[in-house]
Amino acid sequence: IQKYEATGDGCAAMSYACAETTTQSAYKARNEKGLHNAAVNNPVNFQRNHIKKRIARMDTFSTHAFDAFKPTANCGPAVRLTSSFPQRTGALWYARRLNVREGFESTMLLRTSNPSQDCGLMDNVFVSCESRGGDGFAFVIQEDRHDVLGREGAGLAHEGVNNSLAVELDTHYNPELVEPYENHVAIHSHGWRHTNSAHHRTAFGSSVRIPNQATVSSGKEPRVLRILYDPVFDPNLLQRDAFSVTSHTASFFTGGDFEHGLGTLSVFVDDLSMPVVITPLDLDSLLRLHHGRAWVGITSSTGRQVWQTHDILAWNFTALRKDPSSVRPPVVEDGYSAPQCRSSAACERH
């Protein structure tokens, strides 16, 4: 049980308690009829799973309830995207469009907890159980709808969103999507013409260089994810180990999509001074923005076989207000440089 103080709008401070449990016995809360069932996290018969969480004023809990609670993870003031159930999706969108064309920096504190278990079976007895949750978080920029929600599971609730870009912090390995093994960071976009996909054929870059990988889905500590978009390309970044260009990225260059110039998107995990991925792109050309603005948010999902709780503990977004680069890349048609386009369609990727 975690106790914390809350204040706001001139009201006096009040004591709250937050408890998330997998109790072995039922418990009772004051002013509520009957007993609450014991919480269960069963990897085999997940239809019967029910993880209990309660945030309330201290005086609403009975003494018996405090004795019965056996917390499995810290919980408290947070936005919960998914509970620890199979096939769940969740999204948090900022209440208005944010300026992304002129650059931005966004930092978020993310926590996973109560992961599902994968157990081997020998003589009808579970052995060698591993706690490995899924599927992770995604920081998303989109001009689809203010309340859009993508696909569950490996889609991280961003797959299927139109006119979008997603930065994944993925905690589960999906070989069918050609993902790097286990925990990784990836940048996905299909541009403004198509819906986004979690398949790595739409990845601008990815990395498994995540500090303390084993704890990403264990709930032992929250992770800090920092996204930095600079609309002006810095040639010095070409020498960084984290700099990444994929064949998918190249298709936007050869198709002449980045018509307004070029910038860089950098992703940091825990170490906010050392990026794990840097990729070149131009948001203003990649997406069809609304006067340089777009809906910005964080999404998450769980799968059919693996699941976990996904919480946002803190989120900050700062617009850089930096003039985008006006240097346009050279025109390329059919693999060859050209002084100009034959037509507007000839310089676009289809």
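Let's start with Arg288: its charged end sits over the ring of Trp192, 3.9 Å from the ring centre. By "over" I mean that NZ of Lys or CZ of Arg is within 6 Å of the ring centre and within 35 degrees of the ring normal. Arg226 has such a placement too, with its charged end over the ring of Phe268, 4.3 Å from the centre.

A quick word on the model: it is predicted, so local features need pLDDT of at least 70 and side-chain atom pairs pLDDT 80 or more, while totals for chains, interfaces and linings use all residues. Residues are numbered from 1 along each chain as its sequence is written, and side-chain values use heavy atoms, with hydrogens and water left out.

Now, ring against ring. Rings of Phe, Tyr and Trp (its six-membered ring) pair if their centres lie within 6.5 Å; planes under 30 degrees apart are stacked, over 60 edge-to-face, the rest tilted. That rule gives 8 aromatic pairs. One of them is Tyr94 with Trp315, edge-to-face at 6.4 Å between centres and 85 degrees between planes. Tyr94 sits in the loop between strands E5 (89-93) and E6 (98-99), and Trp315 in strand E18 (309-319), 221 residues apart. Strands here are DSSP E runs of at least two residues, numbered from the N terminus.

Phe104 and Phe139 make a tilted pair, 6.0 Å and 40 degrees. Phe104 is in strand E7 (104-113) and Phe139 in strand E10 (136-142), so this pair ties together parts 35 residues apart in sequence.

Are Phe104 and Phe139 buried or exposed? Both are buried, meaning under 20% relative accessible area, where exposed is over 50% and partly exposed in between (1.4 Å probe, protein chains only). And Phe104, Phe139, Tyr229 and Phe317 form one aromatic cluster.

Conventions. Helices (H or I, at least four residues) and strands (E, at least two) are DSSP runs, numbered from the N terminus.
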